[in-house]
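This report goes through one structure, part by part. Please keep the sequence and the 3D view at hand while reading.

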Amino acid sequence: MWLGIISLFPEIFDALSYGITGRAISSGLVTIAHFNPRDFTQDKHRRVDDRPYGGGAGMVMKVEPLEKAIAAAKNLHPTASVIYMNPQGQTLTQEIVQKLAQRSALLFLNGRYEGIDERIATYVDEEYSIGDYVISGGELASMVTLDAIIRCLPGALGDENSAKQDSFTEHRLDYPHYTRPECINGITVPKVLQSGDHKAIERWRLKQALGRTWQRRPDLFVKHPLTIEEQTLLNEFILENVPTAGDLLQTKRKD
Ligand code: SAH
């Protein structure tokens with residue numbers, strides 16, 4: 001997969017050279033190409049921003065260096081969709097990430113300052129936000145998106161199954177994980193995980209994943225209703241986790 005990046009601060013993306021994303025880059029699974037708008041300026045001050053028409057706070061990124069950077073990237077990969085990371089865009093979800101991961105080339109446009117001159121919109125194919133808050137530049141938002149996309153590429157993760165079980169992949173949260181030691185601070189690893197019975201483990205994990213989603217993100221069930229088998233497992237979870245009269249009494253005594 002080819003990933004083009006238009007940014008005034010390409011060094012920020014060096015942080016992708018660790019772990020899973022780092023391996024994907026060094027193995028050639030993804031190729032990252034940088035286009036710095038400053039390299040496409042013609043004036044002696046190499047200006048990429050200017051004051052906003054109408055006055056007010058902050059600076060605005062100019063159109064010309066950006067359109068030249070887009071043209072240079074498109075020259076290499078004419079089919080690359082231009083993605084502008086923008087708090088006003090559609091909120092990124094795992095579903096969107098999985099769709100993006102199927103493309104062969106993407107070009108990420110990163111804003112700075114107050115944002116980009118509105119007229120750049122004619123070059124933009126898609127706009128995504130990483131959430132309802134504002135950060136100082138598109139770079140971290142792009143890196144979040146790139147990392148999420150790279151994890152989805154076949155061969156990026158050591159174990160192909162780990163992406164399948166990840167939160168949101170199947171419209172539910174991940175199940176709880178445990179590692180050695182068996183008992184710590186009086187909390188023991190659930191017995192079933194030490195049973196070696198793979199079917200029972202799989203059933204327990206699915207039940208916990210459904211239970212967690214019900215407890216923490218019931219909205220995910222509204223969009224993606226459960227199968228009968230999943231509903232049965234969730235009912236079991238709810239019954240197993242309903243506080244008993246004894247539990248309630250204990251809580252009360254602590255108060
Ligand atoms: N004035 C703009 C914010 C500019 S922040 C507004 O209020 O809409 C500068 C740049 O950071 C933006 O151009 C965008 O590329 C990036 N950015 C900030 N918050 C973001 C978010 N939540 N998601 C994606 N990109 C974001």
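In helix α2, the buried residues are Val63, Pro65, Leu66, Ala69, Ile70 and Ala73. The model is a predicted one. Helix α2 covers residues 63–76, which makes 14 residues. From its first C-alpha to its last it reaches 20 Å, close to the 20 Å expected at 1.5 Å a residue. An α-helix has 3.6 residues a turn, so residues three or four places apart point the same way. The buried residues of α2 pack against β1, β2 (31–35), β4 (60–61), β5 and β6.

Glu64 also belongs to helix α2. Its relative accessible area is 40%, so Glu64 is partly exposed. Between Glu64 and Thr41 there are 23 places in sequence, and their C-alpha atoms are 7.7 Å apart in space.

**Nonpolar cores**

The largest nonpolar core has 25 residues, and the members that touch the most others are Leu3, Leu106, Phe108 and Ile149. Two or more residues each come from β1 (2–6), β5 (81–91), α3 (94–100), β6 (105–110) and α4 (138–152). Helix α4 gives the most to this core, with six residues.

**The ligand**

The ligand is surrounded by 20 residues, and the closest are Tyr84, Met85, Gln88, Glu114 and Tyr133.

| Residue | Protein atom | Ligand atom | Distance |
|---|---|---|---|
| Asn86 | backbone N or O | nitrogen | 3.4 Å |
| Glu114 | polar backbone atom | nitrogen | 3.0 Å |
| Gly137 | backbone N or O | oxygen | 3.5 Å |

On its own, the ligand has 560 Å² of accessible area, and the protein covers 88% of that area.

Asn86 is found in strand β5. Is Asn86 buried or exposed? With a relative accessible area of 10%, Asn86 is buried, because buried means under 20%. Leaving aside neighbours within four places in sequence, Asn86 is in contact with Glu127, Tyr128 and Ser129.

Lys207 counts as buried because its relative accessibility is 7%. Apart from neighbours within four places in sequence, its contacts are Leu233, Glu236, Phe237 and Glu240.

Glu202 lies in helix α6 too. Where does Glu202 stand in relation to Gly138? The two are 64 residues apart in sequence, and the distance from C-alpha to C-alpha is 40 Å.

Methods:
Residues numbered from 1 in each chain as written. Predicted model: local features only at pLDDT ≥ 70, side-chain atom pairs only at ≥ 80, totals over all residues. Heavy atoms only, no water. Core = buried A, V, L, I, M, F, W, Y, C linked by side-chain atoms within 4.5 Å. Buried < 20%, exposed > 50% of the residue type's maximum accessible area, 1.4 Å probe, protein only. Helix = DSSP H or I, 4+ residues; strand = E, 2+ residues; numbered from the N terminus. Near = heavy atom within 4 Å. Polar contact = N/O pair within 3.5 Å; in protein donor to acceptor, adjacent residues only side chain to side chain. Areas by Shrake-Rupley, 256 points an atom, 1.4 Å probe, with all protein chains shown as cover. Expected span 1.5 Å × (residues − 1). Contact = heavy atoms within 4.5 Å.
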